[in-house]
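Welcome! Take a moment to look over the sequence and the model, and then let us walk through them together.

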Amino acid sequence: MTIVVLNRRNLLAAGGSVLAAGVSGLLLPARAQGLAPTPSMSGGANNYRKGAAIVDRIGKGGFWMSGTVRRAGDGAPLAGQRIQIWAHTTEGQEHEPQSHGATLTDNDGKFRLEMPQIIPIFGQPHGHLAYDSGEFKTVFLRPVMRSAKDTSLEAHFVLQPV
Amino acid sequence: MRLARVALIWAALAAAIFVPIAAAAASPLLAWRNAIYILAGFAGIIALGLMLVQPLLIGGYLPGLSAYRGRRAHHWIGGALVVAVVVHVAGLWITSPPDMIDALLFVSPTPFSPFGVVAMLAIFAVALLAVLRRRLGPRKWRIAHVSLAVVIVVGSVVHAILVEGTMETVSKAALCALALAAAIKVMADLQVWRKRATSR
């Protein structure tokens with residue numbers, strides 16, 4: 001349990017930091033709507049194989065990976081962006097070529113790719129996604145499934161122009 | 001009556017260790033793993049089982065074993081624990097090198113990894129100190145070993161509980177609870193933190 005001690009010193013410190021944050025916010029140039037870019041997740045790039053083919057479906061399917069791709073700042077949906085997806089599935093380990101595939105976002109910046117069922121590897125049921133096409137900064141994501149029994153997983157990209 | 005009690009204790013110990021192993025052997029996840037990955041996983045489960053045996057041996061709780069033989073077995077099983085951990089880590093490294101390297105460098109996204117790595121380092125440290133124990137002297141050795149044992153048991157239990165792998169949840173939790181309880185009991189019974197040999 002945290003015990004909050006209210007005394008003059010703490011109040012002054014807290015008040016000072018609020019003031020400082022407020023003032024610096026006013027002084028900085030306004031960033032267009034301020035949608036922050038998605039940072040790469042740790043371990044996101046593990047077992048990545050650059051340049052997997054764009055496919056209608058990875059393997060026999062049965063599991064859906066979906067998400068959105070937007071631009072940092074104004075949040076505009078980005079169409080035609082290549083997203084690569086891979087995971088340890090019922091049809092192969094993470095590093096194996098048949099576990100990898102790519103898809104493109106539609107006009108609303110959405111993507112959706114069917115793939116084999118993801119199963120736990122290294123202690124967590126998770127997938128990997130990459131944006132690595134050069135126009136925007138490269139981002140690697142590694143979303144974790146709530147349950148190993150889930151048959152879908154989502155990941156969302158907010159990309160920053162290079 | 002006494003024989004029944006002896007048999008019961010040994011049967012309970014065997015069940016605590018082999019039921020989790022059998023349950024893991026029935027895991028559906030094994031169908032999508034290769035031999036090396038499976039071996040690595042089971043080395044970890046065996047290490048967890050050995051961790052339950054260690055305090056029981058040193059506390060003299062296992063009937064039919066003399067204090068001398070219990071101590072000897074404790075030393076050998078300590079060595080086996082090092083081997084099991086090495087097989088666990090090496091097998092996982094072969095399965096997915098980048099994931100293992102992330103874990104060893106403490107930059108892994110999985111919350112259980114640092115607990116496992118710290119426990120591993122503590123196991124190696126105990127093995128090293130055991131070789132040098134004559135030079136350390138009994139008091140320093142005891143403090144070092146018991147401190148590291150706390151790190152090993154707590155780290156391993158947290159690691160095992162957080163991992164979502166082939167182990168079945170209930171049998172895993174039971175084995176972890178027993179390993180923790182055995183460690184606490186032996187430390188209490190042997191009064192390991194008490195200052196000994198103080199001059200008056």
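Let us start with chain A, which contains one helix and seven strands. Following the sequence, the order of these elements is α-β-β-β-β-β-β-β. Please keep in mind that this is a predicted model. Its scores are ipTM 0.85 and pTM 0.85. For chain B, the average pLDDT is 94, and 96% of the residues reach at least 70.

How is chain A packed? Of its 162 residues, 33% are buried. If you take the contacts in chain A between residues at least 6 apart in sequence, 72% of them connect residues at least 24 apart.

Now have a look at strand 7 of chain A, which spans residues 152-159. Strand 7 has a covered face and an uncovered one, and the table shows who sits where.

| Face of strand 7, chain A | Residues |
|---|---|
| Covered | L153(A), A155(A), F157(A), L159(A) |
| Uncovered | S152(A), E154(A), H156(A), V158(A) |

Which way do strand 1 and strand 7 of chain A run relative to each other, parallel or antiparallel? They run parallel, and eight bridges join strand 7 to strand 1, which covers residues 63-71. L159(A), listed above on the covered face, is the bridge partner of R71(A).

Finally, let us see where the two chains meet. Here 14 residues of chain B are in contact with 16 residues of chain A. On the chain B side, seven of the touching residues are nonpolar, four are polar and three are charged.

Conventions: Residues are numbered from 1 along each chain as its sequence is written. Chains are lettered from A and ligands numbered from 1 in the order in which they are written. This is a predicted model: local features need pLDDT of at least 70, side-chain atom pairs count only at pLDDT 80 or more; totals for chains, interfaces and linings use all residues. Helices (H or I, at least four residues) and strands (E, at least two) are DSSP runs, numbered from the N terminus. A residue is buried if 20 or more other C-beta atoms lie within 10 Å of its own, exposed if 12 or fewer, and partly exposed in between; C-beta atoms are placed from the backbone. Two residues are in contact if their C-beta atoms, placed from the backbone, lie within 7 Å. Ala, Val, Leu, Ile, Met, Phe, Trp, Tyr, Cys and Pro count as nonpolar, Asp, Glu, Lys and Arg as charged, and the others, Gly among them, as polar. pLDDT is the predictor's confidence in each residue, from 0 to 100. Two strands pair if DSSP finds at least two bridges between them.
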